[in-house]
Amino acid sequence: MKESIHQIRLLDDLARRPIPINRLHPLVKLLTTVIYLTVAVSFGRYEISALLPLVFYPVIIFSLAELPMADMLKRIGWVMPFVLGIGILNPVFDHQTVSLLGLTISRGWLTFLSISIKCILTVAAGIILIATTGIDRLGAAMRMIGFPRIFVLQLLLTYRYISVLGDELARMIRAYSLRAPGQKGIKRDAWGSFAGSLLLRSFDRAQRVYAAMCLRGFAGEYNTGNIAKINSRDLRFLAGWGAFFVIARIYNVPLLLGSLLTGVIK
Amino acid sequence: MHMADALISPAVGGTMLAVSAGLAVYSVKKIKDDMDEKKIPLMGVMGAFVFAAQMINFTIPATGSSGHIGGGMLLSILLGPYAGFLTMASILLIQALFFADGGLLAYGCNVFNMGFWTCFMAYPLIYKWFTRKGLSAKSISWGSIIAVVIALQLGAFSVVLETLASGKTELPFSTFVLLMQPIHLAIGFVEGLITAAIVTYVWKARPEILEKAVLGQALGNISMKKVLTGLVIGVVVVGGALSWFASANPDGLEWSMERTAGTTELEAPDGVHQTFSDLQEKTAFLPDYTFKAPAEAVEQEGAAEEAEGTWPAVDPGTSVSGLLGGTMTLVLAGCIGFVISLSKKKGSNAAV
């Protein structure tokens, strides 16, 4: 619980730093991320070398934005188990072998490797988006491309109240564990009353929140602050990366590079 | 149950995003028509509540392990299907963004798997049926448990279909189903029990909350026919269009065909299975698709360069170039990253 709230706050703080990459227009970053993800997952199961140029995007942005490597790697690590769990079964079901440099390996391992690389790349792209944009500006970008007002409002409110209810829950869990020392989790008898009272408290809080919002002039729109118009720097970012992703998708860059080198050596 | 981007194809991800967007727009429209805006802060706080509730460890009696809830059914029961669906969608988006739990391209799949089945199927058809004669501890409990179990089974089955249609895993259909369904049966049962406990408690302590939710939207308001028709049309149009764009890669077409068949014949698992295996056989004949026909694919060396998704020609020269070039790419990327961080550090030191 504490850990999750810490993670959320960490990402918020990262997105709030006054560095150039954070100042890019949120819509531009959202679009770049979508193009990147689409390109990354569009590669076939056995393509590994062609996938590698996509590494440039996370590496460059991670270093430009000075994201804390350890935290970000930990985050990627959380997600890996499920994907690897499915991926690791590929070698079991695909026994076709291929030989690479005299080594004979099963094709299943190639697909496993390709899934793992994709997992790292896609998760990294998601982290970059949120850690350099922040949820408020992302919400504003979503409004610009036509997400319904109610949905964005609801998203931002949910986000805002996670830490509030998180604190509430932390207090309740502390109180419960003081009365039930050494017990792991909430026992069956208390399932309903424990989560139920948290729920009722949330309901009451929602009502107070709504009253307070009305008193402060809430008219159905969540204000996300001023966001400058898209400027030429934003367009260059989008066009540059977009072109790079498309080229990486069409041409197998490492293969071309490799054949160039082997050609020179010969 | 959250699907990651690495396991889906753009066609599947795009189609499901479009389907979920359609459902969301429909829900937004319904909320605007039926409810006052008061519900929106309530939705926000309830979303945060589900988030918090997901972090509570409920001890499962006699097993020593603990479980937690997904919350889709709870939201439907407390807020109604439309607000419940939107709330679930925003929870999933926050999970995807902040915890990388489920990918952004797979977001549509996740919203569909965890939101559609609970809010638009299990809630109106099962929970509402059990509680049609009025609320009681018994009807709430049975309704919640069975609705959650069935919603989770359908959700897990959708995960299987979406993953296989994306063609990233080699898992055979039957193995995957046997892997997913029993696990989610157990998970669903525990989640159903917890949901029942919470709803019963709320009903006893503050009955007006549940009664209001019941009055707010009667079963008659939900036109399942409309929802389903819209869904099928959406899937066919979007799936068709996307697979046309991604024609080098037959995933999308295969998927949309099977999806359409799947939604119309959902009551008959045998039918789906049949359709699926038929399709699998058919795809094996597609020359540039290497599901079952690696031998032919290798012969297709000439076409291999253009056709993405094909097993590249196994030519030792190509492999060497690929490996060499790949290594160079990674080294280059690493160097660039290193140089940028180095210059950044220098810059900040100079500033100090």
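Domain bounds here come from an automatic or database domain assignment. For chain A, that assignment gives domain 1 (1–147 + 231–266) and domain 2 (148–228). The model is predicted.

**Two chains side by side**

The table sets out some totals for each chain.

| Chain | Helices and strands | Buried residues | Contacts joining residues at least 24 apart, among those at least 6 apart in sequence |
|---|---|---|---|
| A | twelve helices, two strands | 43% of 266 residues | 76% |

Follow chain A from its N terminus. Its elements run α-α-α-α-α-α-β-β-α-α-α-α-α-α. Now look at its overall dimensions. The C-alpha trace of chain A spans about 75 × 55 × 30 Å along its principal axes. Chain A has a radius of gyration of 24 Å, but a compact globule of 266 residues would have one near 18 Å.

**The two domains of chain A**

How far apart are the centres of domain 1 and domain 2 of chain A? Taken over C-alpha atoms, 33 Å separate them. The two domains still touch: 14 residues of domain 1 of chain A are in contact with 16 residues of domain 2 of chain A. On the domain 1 side, the elements that give two or more residues are α1 (2–16) and α8 (135–144) of chain A. Of these, α8(A) gives the most, with seven residues. By class, this side of domain 1 of chain A has eight nonpolar, two polar and four charged residues.

Helix α7 of chain A covers residues 107–133. It has 27 residues and reaches 39 Å from its first C-alpha to its last. That is close to the 39 Å expected at 1.5 Å a residue. Is α7(A) enclosed or open? 23 of its 27 residues are buried, so α7(A) is largely enclosed by the rest of the structure. Just after α7(A) comes A:Gly134, which takes a positive phi of about 85°.

**Where the chains meet**

The contact between the chains takes 94 residues from chain A and 89 residues from chain B. Which element gives the largest share of the chain A side? Helix α10 (residues 191–215) of chain A does, with 15 residues. The residues of chain A that touch chain B divide into 59 nonpolar, 26 polar and nine charged.

The largest nonpolar core has 165 residues. A:Leu54, B:Phe49 and B:Leu86 have the most contacts inside this core. Take B:Phe49 as an example of a residue that reaches across. Not counting residues up to four places away in sequence, B:Phe49 touches A:Leu165, A:Leu198, A:Leu199 and A:Ser202.

**A glycine in chain B**

B:Gly84 lies in helix α4 (residues 81–99) of chain B. Why does B:Gly84 count as buried? The cut-off is 20 or more other C-beta atoms within 10 Å. B:Gly84 has 28 C-beta neighbours inside 10 Å, so it counts as buried.

What does B:Gly84 touch? Leaving aside neighbours within four places in sequence, B:Gly84 is in contact with B:Gly72, B:Leu75, B:Ser76, B:Leu79 and B:Cys119. Next, compare B:Gly84 with B:Phe120. These residues are 36 residues apart along the chain, and their C-alpha atoms are separated by 9.6 Å.

Methods. Residues numbered from 1 in each chain as written. Chains lettered and ligands numbered in written order. Predicted model: local features only at pLDDT ≥ 70, side-chain atom pairs only at ≥ 80, totals over all residues. Contact = placed C-beta atoms within 7 Å. Helix = DSSP H or I, 4+ residues; strand = E, 2+ residues; numbered from the N terminus. Nonpolar A, V, L, I, M, F, W, Y, C, P; charged D, E, K, R; others polar. Expected span 1.5 Å × (residues − 1). Core = buried A, V, L, I, M, F, W, Y, C linked by C-beta atoms within 7 Å. Rg over C-alpha atoms; globule rule 2.2 N^0.38 Å.
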